[in-house]
Amino acid sequence: MNLEKVLKNLVIVNFVMFGIIIAMGLTGYTTLPAALEEYSLALVDEYAFGYILLLPFLVAYITALILIYKLKPVGRTLFLWINIISVFMYFFIGPMIIDELTSILGDAGSLLDGVILGIIYFSPLKDKFSK
């Protein structure tokens, strides 16, 4: 089994899922009832500061995935810190109301992040990041 190929495929799948979530948000796709959708938009307005903080974080996340794909050591470190900081970002974003598809994709993305972290820090592939 070629672990490097597995890692690169996981990064690609993570990109695709992330792109789908972003596209769904930009196109306004939702299965929420109208009342919940209105309340969800009101929450975004109320916690706008947290969403502003999220923008550079998303750019850093995408950058880290690209660097991991290229097996760069800085990508590994950046990806770790982004995952640690993301836990605390929830305090600034506030409550969220999301539909089931977005929730499934978000949870799957979190699982993929964990698998990627495991591969880049605890597998034989970790040595390729120290070059």
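Modeller: Contact means heavy atoms within 4.5 Å. This is a predicted model, in which local features need pLDDT of at least 70 and side-chain atom pairs count only at pLDDT 80 or more, while totals for chains, interfaces and linings use all residues. Residues are numbered from 1 along each chain as its sequence is written, and side-chain values use heavy atoms, with hydrogens and water left out.

Colleague: What is Ile68 in contact with, leaving aside its neighbours within four places in sequence?

Modeller: Ile68 is in contact with Leu7, Val11, Gly75, Arg76, Phe79, Ile116, Ile120 and Phe129.

Colleague: Now Leu105. Is Leu105 buried or exposed?

Modeller: Leu105 is buried, since its relative accessible area is 13%; buried means under 20%, exposed over 50% and partly exposed in between, with a 1.4 Å probe and protein chains only.

Colleague: Which residues does Leu105 touch, not counting those up to four places away in sequence?

Modeller: They are Met17, Ile20, Ile21 and Met24. Leu105 and Ile21 are 84 residues apart in sequence, yet their C-alpha atoms are 7.1 Å apart in space.

Colleague: Where is Leu105 found?

Modeller: Leu105 lies in helix α5; helices (H or I, at least four residues) and strands (E, at least two) are DSSP runs, numbered from the N terminus.

Colleague: At what angle do α1 and α5 pack?

Modeller: The angle is about 155°, and the axes are 10 Å apart. Axes are lines fitted to C-alpha atoms, for helices over the stretch in contact, and angles run from 0 to 180 degrees between N-to-C directions.
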